[in-house]
Amino acid sequence: MPLNIKAYLDYAATTPMAPEAVDAMQCYLTSSSNFANAASSQHSYGQNAASAIDNARLEMARGLRCNPKDIIFTSGATESNNLAINGFMLGYQNRGNHIVTSAYEHKSVLDCCRHLESQGIRVTYLRPDSDGLLTMDSILNALTDETALVSLMHVNNETGIMQDIGCIAHALESKGIAFHVDAAQSAGKVPIDLSLMPIDLLSLSAHKFHGPKGIGCLYVRNRKQAGLRPLLYGGGQEYGLRPGTLPTHQIVSMAAAFTLACARQEADAGHCRQLRQMLRTVLGGLDGVHWNGGQNDAIPNIVNVSFDGVGADALLIALRDSIAISSGSACNSGAIEPSNVLRAMGIEGDRLYGAVRISFGRYTTADEIEQAGQSICEAVIRLRKLASE
Ligand code: PMP
């Protein structure tokens, strides 16, 4: 592992845990703390673990402004997306045989939809405009009498572009169509008030907001009436929707991280806006810089940029021992295929193959951005010179 790393700028892939979330976790691990199984209701150890989980559920619900009974703990956004889409269609097929989603969703949504297509469900994949946004018209035009579910992400993991989910939720509610939102990149970073937005299903993941990996949740509006089917069968935990022994330490830690993220939302966003401006200024000193995606609709902690004449692979190799950035979503890196998000936005050629994602957050310092910006500029100049020789 490179210990001389100058800057970790891959927060969209995952974030370091907040010390507060680590502390919260420590209380539920060893024999001197509360390690019991929350389902062991016959003794006080188990009851204490169950009560810690109840409190965590309450904290999550407070942050999302929803009913705590509508929160289902899962292993993260991948599982939440699968449970939302697959579980909903399993339970609701009689209501319609059509899903609307976008061509730039996370693979956990796209592959789930592809699986459902193999089961005879029709899926429409919407394409965004050149700013990476879906227009309300394109969503409404895709709906048919058969549409049971619309599944869209809130903030895109590669460009940071944010969709107005409140507006979409109201339009779909008036048509009686269910709405699932993948909020993995937005939860804890922008306000999500479920008491104001009629969203039916919402996925989130703790490791994107300084919580631990391997834990997340799915919000299911009016869970009792939602008719969701489980994907797993077992001990009946989480109202039978997600059986399996609950990981108290991860759940409590996620809730601590989420509460902190909600409390620090404006401060963290302000910090990221300053860092983004600084990065744009440093990189703006180069010729041939392209910012991918509408900048005003983007969350401040993700920047997607291409440099004329420089391939993303070459740039990442040149920087890999000093700066952690990525050529797209971590789940896709390693694949030679360029970003499906940028492609869906109509970005082509060198600009598509040269796009890199730079993402940062609460613990990124101005110094790190300054140094990283300088290193990127030097690498771009060096690579362009090499190419012209
Ligand atoms: N959706 C989006 C938008 C994401 O960015 C990610 C993480 N890359 C996921 C879903 C999957 O989340 P998890 O890692 O918790 O499975």
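Predicted model: local features only at pLDDT ≥ 70, side-chain atom pairs only at ≥ 80, totals over all residues.
Apart from its neighbours within four places in sequence, Asn-301 is in contact with Lys-189, Cys-272, Ile-358, Ser-359 and Phe-360. You'll find Asn-301 in the loop between strand 9 (289-291) and strand 10 (302-307). Is it buried or exposed? Asn-301 has a relative accessible area of 4%, and buried means under 20%, so Asn-301 counts as buried.

Reading across, the order is 2-8-7-6-5-3-4, and the pairing is mixed. Strand 2 (71-74) and strand 4 (122-126) are the edge strands, each pairing on one side only. On average, neighbouring strands of this sheet are turned by 20 degrees against each other, if you ignore direction. Zoom in on one pair: strand 3 (residues 98-102) and strand 5 (residues 147-153) run parallel and are joined by three bridges. Here Val-100 stands opposite Val-150 in strand 5.

Next, pick out helix 3 (residues 77-92). Helix 3 lies across several strands, including strand 2, strand 6 (178-182) and strand 8 (216-220). Strand 7 (201-205) is also among them, and helix 3 runs at about 160 degrees to strand 7.

Buried residues of helix 2 include Ala-49, Ala-52, Ile-53, Ala-56, Arg-57, Met-60, Ala-61 and Leu-64. Have a look at the spacing of those numbers with this in mind: an α-helix has 3.6 residues a turn, so residues three or four places apart point the same way. What covers the buried residues of helix 2? Strand 2, strand 7, strand 8 and helix 8 are among the elements that do. Just after helix 2, Arg-65 takes a positive phi of about 55 degrees.

The largest one has 60 residues, and Phe-179 and Leu-202 have the most contacts inside it. Helix 8 (residues 248-263) gives the most to this core, with seven residues. The core also draws at least three residues from each of domain 1 (7-17 + 265-388) and domain 2 (19-263).

Notes:
Residues numbered from 1 in each chain as written. Heavy atoms only, no water. Pairing = 2+ DSSP bridges. Helix = DSSP H or I, 4+ residues; strand = E, 2+ residues; numbered from the N terminus. Axes fitted to C-alpha atoms, helices over the stretch in contact; angles between N-to-C directions. Contact = heavy atoms within 4.5 Å. Core = buried A, V, L, I, M, F, W, Y, C linked by side-chain atoms within 4.5 Å. Buried < 20%, exposed > 50% of the residue type's maximum accessible area, 1.4 Å probe, protein only. Domains from an automatic or database assignment.
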